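User: I am looking at this protein for the first time. Could you walk me through it, one question at a time?

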Amino acid sequence: MPVEKPNPQQLTLRFKCHKTTILLLVDPHDNLTSIKAKLLEALKVTNVSEIRGQPLPTEPDDVLLGVPVDLNDPAQGWTDLKIPEVEDDIRKKGSKKSGVLNASPMGAGLKDGAVLAIRFRSEASDADDLNMGDNDWDVVMPTFDDEEGSQTKETDAV
């Protein structure tokens with residue numbers, strides 16, 4: 001995988017699966033399928049063959065993306081990344097389609113530093129993957145809370 005020179009227009013996206021985080025520099029107008037392919041390529045180049053015991057898929061379409069329900073509090077859960085539809089033509093009001101530009105980070109409303117959850121569709125459970133709930137995303141966000149019992153002081157009331 002050739003090293004690309006960063007430019008100011010590119011976005012840094014953070015892909016998370018459990019405790020694993022992958023940073024990927026992408027063009028805001030790249031198709032999400034090509035971004036998924038770059039993600040798989042980056043994982044393969046670094047000799048990652050599985051994440052959490054699940055093997056990497058061979059096809060980018062087998063990578064599923066999710067976004068936080070609440071951008072300010074990812075602990076509330078994750079939901080599938082949905083590509084917004086736009087009206088096809090002014091004359092054909094109500095006719096909506098998913099455009100090429102919508103299938104990009106910019107069209108999906110992603111900004112620089114956005115966090116995306118990833119999970120993989122496996123061949124054995126294709127039917128189950130279609131019924132996966134929003135709570136099935138395996139993402140562990142770091143916390144900065146003190147561990148229980150550390151630095152707690154007991155004071156006596158007088």
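Predicted model: local features only at pLDDT ≥ 70, side-chain atom pairs only at ≥ 80, totals over all residues.

**A first tour**

User: How many helices and strands does the protein have?
Analyst: Helices (H or I, at least four residues) and strands (E, at least two) are DSSP runs, numbered from the N terminus. Along the sequence they follow the pattern β-β-α-β-β-β-β-β-β-β-α. Counted up, that gives two helices and nine strands.

User: What share of the residues is buried?
Analyst: A residue is buried under 20% relative accessible area, exposed over 50%, and partly exposed in between (1.4 Å probe, protein chains only). Of the 158 residues in the protein, the buried share is 32%.

User: Which residues lie closest to the centre of the largest pocket?
Analyst: On a 1 Å grid over the protein atoms alone, a pocket is an open set of points where a 1.4 Å probe fits, with protein on both sides within 12 Å along at least five of seven lines; lining residues have an atom within 4 Å of a point. The largest pocket holds about 300 Å³ of space, a volume filled by probe spheres set on grid points joined across faces, edges and corners. Of its 16 lining residues, the closest to the centre are P68, L71, L110, A114 and V115.

User: Which strands each supply at least two residues of that lining?
Analyst: We can look for strands that bring at least two residues each to the lining of the largest pocket. They are β5 (63-68) and β9 (115-120).

User: Is R119 buried or exposed, and what does its side chain contact?
Analyst: R119 lies in strand β9, and its relative accessible area of 7% means that it is buried. A polar contact is a pair of N or O atoms within 3.5 Å; within protein, one must be able to donate a hydrogen and the other to accept it, and residues adjacent in sequence count only if both atoms are side-chain atoms. At 3.2 Å, the side chain of R119 makes such a contact with the side chain of D80.

User: Which side chain is joined to that of D30 by a polar contact?
Analyst: D30 sits in the loop between β2 and α1, and it counts as buried because its relative accessibility is 17%. Leaving aside residues up to four places away in sequence, D30 touches residues including A103, S104 and P105 (heavy atoms within 4.5 Å). The polar contact, 2.8 Å, is with the side chain of K38.

User: What is the phi of H18?
Analyst: Most residues other than glycine have a negative phi. H18, in the loop between β1 (11-17) and β2 (20-26), is buried at 18% relative accessibility. Although H18 is not a glycine, its phi is positive, about 55°.

User: Is N47 buried or exposed?
Analyst: N47 lies in the loop between α1 (32-45) and β3 (50-51), and its phi is near 65°. With 69% relative accessibility, N47 is exposed.

Key:
Residues numbered from 1 in each chain as written. Heavy atoms only, no water.
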